[in-house]
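Hello,

Here is the structure I promised to pass on to you. Have a look at it first, and then read on for what turned up.

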Amino acid sequence: MFEKILIANRGEIALRVVRAAREMGIATVAVHSTADSDAMHVRMADESVCIGPPSGAQSYLSVPAIIAACEVTGAEAIHPGYGFLSENAGFVQVVEDHDLTFIGPTAEHIRIMGDKITAKDTMKKLGVPCVPGSDGGVATLEEAKRLGEEMGYPVIIKATAGGGGRGMKVAQNAGEMEKAFLTARAEGKSNFGNDEVYIEKYLTTPRHIEIQVFGDGKGRAVHLGERDCSLQRRHQKVFEEAPGPAISAEERAAIGKTCADAVARINYTGAGTIEFLYENGEFYFIEMNTRLQVEHPVTEAIFGVDLVREQIRVASGMEMSFQQEDLTINGHSIEVRINAEKLPNFAPCPGRITQYHAPGGLGVRMDSALYDGYSIPPYYDSLIGKLIVHGRDRPEALARLNRALGELIVDGVDTTVPLFHALLQEEDVLTGNYNIHWLEHWLETNLGDG
Ligand code: ADP
């Protein structure tokens, strides 16, 4: 086992990793920009190293600075959290070249899953069901139009290198194809330096269902069920739950096994998430994330496992601490993402926290790096906390969420908390009757956000 690890991240996720490491008796090194000198992850880690100015590009994304911080402190392994360098195959290669361990999958797996055409092709060969669409890239507008006619509209044109909802355009009919095709290509080129695109059937009322998988890198893998993350704004998740209210035990077992078998066959290491759209009882693969997800705590709650601890164990060469038969679901869990944002337009709202009180009690977990007097810097994303509740069933989890939101105090900045109070009044949210478009429609109708 490692004696010391470095955490190449900030905020709540850096703190999350510090906590797992401390319980395992592993020392931690925090890295931080000059804007984060007073951040909680810096206070809580055993050591810290300033790695650059506020801009992410010059600090949390600076590979030489992070490698140097490992060398100076003697850290043996790097946990990347999510975002920043977590899905950067080039970084993983540099880490390995310096005889350090990356706590995550191999550079090769990150590369395969980072290119959506290659990812889809790989998954198809591994027996994972995919959205019907083009066989690989589509080079010309003529071919795109021919495919549109063949598949039937609407279709979605996606940049193979896309991410974060960018590089995706929907064509409702043949007349919209030219613009959608050229825009998706241009966005791929300008945002990701790659103009290759492919085409998929556009599903009109799907849910977003993702399967958590975990592999030991030696051909053994398990699944930890699904999360329903359909409540999204601009393709960003805001409310996640497990198990999914629309998924039966039989469906879970079948798609879970398909996913676990697929990642076992490629000797996948560590945590991964296989994302699907789910419509009319069918699953359609869209992409795989080769890292820990923001919403991993809902899975931890219902399975009673620590996914970060497991990542560290497997990266150090130890066996996974569970097998598929050990993994049984207990109750229901919901996470809401608390962002420093001002409604109705979700404008980022950095600033000083004058008062902070975290909710507590049975079945409540607050993952946040906030404290009284903390100043949220304007340079990074606006997630300031995740409130996760766990109950014996969905109604109990919803009641607990309502109760916990009522206890939470975050003064000094605007947050997305009022959104969740309002959503908990909605019949569709209470009954789990929603799809990936539900929240956008609700926001338009109720807040005029569009
Ligand atoms: P990104 O990597 O940018 O997050 P994804 O491929 O994961 O892109 O898709 C993000 C979201 O876009 C999905 O959660 C879904 O809301 C929507 N989406 C993607 N593909 C389709 C499709 N074929 N039909 C309908 N919606 C889609």
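Leaving aside residues up to four places away in sequence, Asn-289 touches Glu-87, Tyr-268, Gly-272, Thr-273 and Glu-275, where contact means heavy atoms within 4.5 Å. You will find Asn-289 in strand β13, which covers residues 282-289. Helices (H or I, at least four residues) and strands (E, at least two) are DSSP runs, numbered from the N terminus.

Before going further, please keep in mind that this is a predicted model: local features need pLDDT of at least 70, side-chain atom pairs count only at pLDDT 80 or more, and totals for chains, interfaces and linings use all residues. Residues are numbered from 1 along each chain as its sequence is written, and side-chain values use heavy atoms, with hydrogens and water left out.

Is Asn-289 buried or exposed? Asn-289 is buried, because its relative accessible area is 6%; buried means under 20%, exposed over 50%, and partly exposed in between (1.4 Å probe, protein chains only). Its side chain makes a polar contact of 3.0 Å with the side chain of Glu-275, and another of 3.1 Å with that of Gln-293. A polar contact is a pair of N or O atoms within 3.5 Å; within protein, one must be able to donate a hydrogen and the other to accept it, and residues adjacent in sequence count only if both atoms are side-chain atoms.

Now to Glu-143, which lies in helix α7 (residues 141-151). Glu-143 has a relative accessible area of 27%, so it counts as partly exposed. Not counting residues up to four places away in sequence, Glu-143 touches Gly-137 and Val-138. A polar atom of its side chain also lies 3.5 Å from the backbone nitrogen of Ala-139. Between Glu-143 and Arg-252 there are 37 Å in space, C-alpha to C-alpha, and 109 residues in sequence.

Finally, the whole chain. Its secondary structure comes to 15 helices and 22 strands. The radius of gyration is 21 Å, close to the 22 Å that the globule rule gives for 450 residues, so the chain is as compact as a globular protein of that length. That radius is taken over C-alpha atoms, and the rule is 2.2 Å times the number of residues to the power 0.38. Buried residues make up 57% of the 450. Of the contacts between residues at least 6 apart in sequence, 66% join residues at least 24 apart.

Enjoy exploring!
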